[in-house]
Amino acid sequence: MKATNDKNKTDPSAAQKINWGDFRDHLSTADQQGNRMWLYPKKPKGRFYLARLYFSFVLIVVMFAGPFVKIQGNPLLMINIVERKFSVLGVIFWPQDNLIFAFGFLLFLTGIAVFTAAFGRLWCGWTCPQTVMMEMVFRRLEYFIEGDAYAQRALDKAPWSAKKLFKKLAKHTVFLGLSFVIGNTLLAYIIGIDALKLIITDPPDSHLAGLGAMCVFTLIFYGIFARFREQACTFICPYGRLQSTLLDENTIVVAYDYKRGERRGPLRRTQTPEQRQTGGAGDCVDCNQCVAVCPTGIDIRNGTQMECVNCTACIDACDNVMTKIGKPRGLIRFASLNGIERGELLRVTPRIIGYCVVLALLGLGLVTLLVTRKDLDTTLLRAPGGMFQTTPEGKINNLYLLKLTNKTHHDLPVELKLENLPGTLSVLGGGSLVPAEKQVESSVLVQLDPTLLPTANTPLVVGVYSNGRKIETLKTMFLGPRK
Ligand code: SF4
Ligand code: SF4
């Protein structure tokens with residue numbers, strides 16, 4: 001069935017009715033000219049929707065409480081890019097922990113690959129913050145203010161009146177307010193709740209950048225949830241694009257059992273189920289309910305599609321229809337292509353085993369790095385452009401830059417000692433006590449007798465001690481006069 005562009009413009013629900021034969025060449029929410037068609041998904045009802053609602057409630061509580069929860073004085077999660085300071089479960093990580101970040105990131109990517117290869121885009125429909133906030137908060141508020149799909153469509157078609165103006169104003173005010181809360185929560189994850197409190201309580205001109213970020217985040221979230229909506233999943237999200245390379249015929253996805261459902265056709269009142277079956281009809285009564293509830297506007301009966309976020313709304317819609325017509329539930333269900341064709345349950349393929357092995361190795365590597373992570377990170381570098389100096393007493397001086405990062409929750413006393421040569425080492429401008437979770441930079445002056453220097457470039461070994469315990473050995477070069 002082809003729909004004309006004119007029809008799409010006058011009937012915004014057309015996206016949910018169109019079933020172009022070449023559906024894989026078109027976005028379900030765009031007409032043939034590429035214009036967007038607004039979706040009015042029906043409110044889903046059913047066991048999966050209820051489960052998602054409860055699960056989303058827990059996720060939303062965790063998401064908003066996150067910045068307020070502190071472990072040993074540090075945020076549960078903080079990604080402070082500005083100060084290059086990151087907190088995960090209350091443990092502070094620094095840019096020096098780059099290997100841990102690399103392993104963590106690879107582990108995350110491999111975990112996604114394994115999970116997606118086995119269970120499809122379950123993450124998208126059930127845990128992705130975009131879907132959770134869109135479907136369980138913004139969409140529900142829209143249903144509350146404007147009514148279900150039919151009422152929303154009617155309201156949009158209706159001429160402007162006091163009632164329409166009130167509903168639209170109410171909806172967008174609530175959306176903007178919520179976007180402000182979400183934007184501030186994101187900012188709290190980036191800079192920490194204490195810094196956010198200062199932005200809110202201090203005079204505005206002392207935090208112009210922070211206030212700017214607040215406004216930008218609020219407008220971005222408002223734009224996404226009020227207008228952009230499902231397009232974030234179909235156009236923007238890289239994970240959605242990745243799925244075509246990760247899914248195969250053994251992946252469990254939301255799928256239509258075409259063997260049971262076809263040949264689809266409407267249920268006639270005069271027809272008994274036996275007559276219907278004898279006539280070669282399948283269980284699908286072509287009621288379009290699965291399409292009407294889909295938040296991305298697709299028809300799952302066409303097979304797995306890029307737009308499907310595995311939200312399970314179509315499962316609920318179809319289960320309700322099956323219950324009404326006295327057929328078993330599950331015409332649309334979680335299943336793999338092989339599951340539908342051959343009745344196989346989840347099959348562990350060599351590809352999944354391979355992913356799991358990589359995942360286990362990366363996990364082992366990450367655990368090793370975390371366990372062996374040093375309390376104190378030290379770097380000792382020659383002062384840039386610095387040569388040696390000769391003192392009036394004939395001694396040779398070299399200047400170094402020392403950077404100390406205390407990764408623990410308590411202050412650490414630090415002492416540096418020359419290990420391979422007799423001489424003096426002085427830390428200038430502090431550095432003997434490094435405060436908890438802080439970085440300290442100081443200069444180090446090393447003075448040696450020239451008779452100890454066999455060449456112009458002599459290796460120097462410096463021991464780093466804390467509370468009498470050696471925690472690191474640093475190696476550098478000491479410059480002296482040519483021999
Ligand atoms: S096809 Fe079904 S599971 Fe996929 S997005 Fe649409 S309603 Fe959700
Ligand atoms: S809801 Fe079920 S019966 Fe109705 S069209 Fe979809 S698959 Fe067919």
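## Ligand shells and domains

Two helices, α14 (289–292) and α15 (313–324), each contribute at least two residues to the shell around ligand 2, where helices (H or I, at least four residues) are DSSP runs numbered from the N terminus. With three residues, α15 gives the most to the shell around ligand 2. This is a predicted model, in which local features need pLDDT of at least 70 and side-chain atom pairs count only at pLDDT 80 or more, whereas totals for chains, interfaces and linings use all residues. Residues are numbered from 1 along each chain as its sequence is written, and chains are lettered from A and ligands numbered from 1 in the order in which they are written.

| Ligand | Residues around it | Nearest residues |
|---|---|---|
| Ligand 1 | 14 residues | Cys294, Ile300, Cys308, Cys311 and Cys314 |
| Ligand 2 | 16 residues | Cys284, Cys287, Gln289, Cys290 and Cys318 |

By class (Ala, Val, Leu, Ile, Met, Phe, Trp, Tyr, Cys and Pro count as nonpolar, Asp, Glu, Lys and Arg as charged, and the others, Gly among them, as polar), the shell around ligand 1 holds 11 nonpolar, three polar and no charged residues, while the shell around ligand 2 has 10 nonpolar, three polar and three charged residues.

The domain assignment, with bounds from an automatic or database source, gives domain 1 (39–373) and domain 2 (376–479), whose C-alpha centres lie 53 Å apart. Five residues from domain 1 and five residues from domain 2 take part in the contact, which is defined by C-beta atoms, placed from the backbone, within 7 Å.

Conventions
Near = placed C-beta within 6 Å. Contact = placed C-beta atoms within 7 Å.
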